[in-house]
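Subject: Structure handover

Hello,

Please read the notes alongside the coordinates.

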Amino acid sequence: MKGWRSARVPLIWAALAVAIGVPIALAATSEQLAWRGPVYILAGFAGIVALALVLVQPLLIGGYLPGLSAYRGRRAHHWIGGALALAVVIHVAGLWITSPPDMIDALTFSSPTPFSPFGVVAMWAIFAVALLASLRRRLGLRLRTWRILHLPLAIVIVIAGIVHCLLIEGTMETISKAALCALVLAATVKVMADLWRKRTLRGESAVRQ
């Protein structure tokens, strides 16, 4: 039992590294990169990194990554949220540089590609969360109000981001992409269920008192 506990920490971090590293490594070997310019490749991988960071976010805020205190987990969640917004900016800016007409069509929801509107919706939801997080203290948002605003936006980010990724036939390998998307969804559902259960238990405790 003690041996399992000591091995649990590195195994969990190794599993996370594999879940993120394998899709990125396989995308780096894609034949579709052969005729692409560096800006397009950078934009594409920024999108993949953004999806990977969406997996890390619920794991951090749910306290599922061992070795991090609740405070450090929340701080890491905050900073990785900023990194996620930056990755999306690089993704969109790179695609704009390589093909402005396509990005205008995407941003105006007139693109014929089915994945575009989901990506745009996820992008605005990420920017909205980042803006609210940066202004939270200035606006005087209480924790309850912050959660009411943040949770629906987080759900939009996850669902729209996953659909956007799955509909793209790009550099990501199919199975590893699907596995990463499934993990993002599973981690989000897990943290939402835990938050709901904790809130229910606190409500029952308050009633008994």
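The crossing of H3 and H5 is left-handed (the near helix is turned anticlockwise from the far one by less than a right angle; clockwise would be right-handed). This is a predicted model, where local features need pLDDT of at least 70, side-chain atom pairs count only at pLDDT 80 or more, and totals for chains, interfaces and linings use all residues. Residues are numbered from 1 along each chain as its sequence is written, and side-chain values use heavy atoms, with hydrogens and water left out.

Overall layout

The chain has seven helices and zero strands (DSSP runs numbered from the N terminus: H or I of at least four residues for helices, E of at least two for strands). Along the principal axes, the C-alpha atoms fill a box of roughly 65 × 45 × 25 Å.

Helix packing

H3 and H5 pack with their axes 10 Å apart, at an angle of about 140° (axes are lines fitted to C-alpha atoms, for helices over the stretch in contact, and angles run from 0 to 180 degrees between N-to-C directions). That angle makes H3 oblique to H5 (under 35 degrees is roughly parallel, over 145 roughly antiparallel, 65 to 115 roughly perpendicular, and the rest oblique). On the H3 side, Leu84, Ala85, Val88, Val89 and Val92 meet Met123, Ile126, Phe127 and Ala130 in H5 (contact means heavy atoms within 4.5 Å). By class, this contact has nine nonpolar, no polar and no charged residues (Ala, Val, Leu, Ile, Met, Phe, Trp, Tyr, Cys and Pro count as nonpolar, Asp, Glu, Lys and Arg as charged, and the others, Gly among them, as polar).

The axes of H3 and H4 come within 5 Å and cross at roughly 130°, which makes H3 oblique to H4. Here Val92, Leu95, Trp96, Ile97 and Thr98 of H3 meet Pro100, Met103, Ile104 and Leu107 of H4. The classes in this contact are eight nonpolar, one polar and no charged residues.

For H5 and H6, the axes come within 8 Å and cross at roughly 155°, so the two helices are roughly antiparallel to each other. The crossing of H5 and H6 is left-handed. Residues in the contact include Phe118, Ala122 and Arg136 of H5, and Trp146, His150 and His164 of H6. It has 18 nonpolar, five polar and one charged residues.

Pockets

The largest pocket holds about 1,400 Å³ of space. A pocket is an open set of points on a 1 Å grid over the protein atoms alone, where a 1.4 Å probe fits, with protein on both sides within 12 Å along at least five of seven lines; lining residues have an atom within 4 Å of a point. Points are joined across faces, edges and corners, and the volume is the space filled by probe spheres set on them. Of the 45 lining residues, Ile61, Arg74, His77, Trp146 and His150 are the closest to the centre of the largest pocket. H3 gives the largest share of this lining, 10 residues. The lining has 24 nonpolar, 12 polar and nine charged residues.

The second largest pocket has about 1,100 Å³ of space. Its lining counts 47 residues, and closest to its centre are His91, Leu95, Phe115, His164 and Ile168. H2 supplies the largest share of that lining, eight residues. By class, the lining of the second largest pocket divides into 28 nonpolar, 14 polar and five charged residues.

Regards
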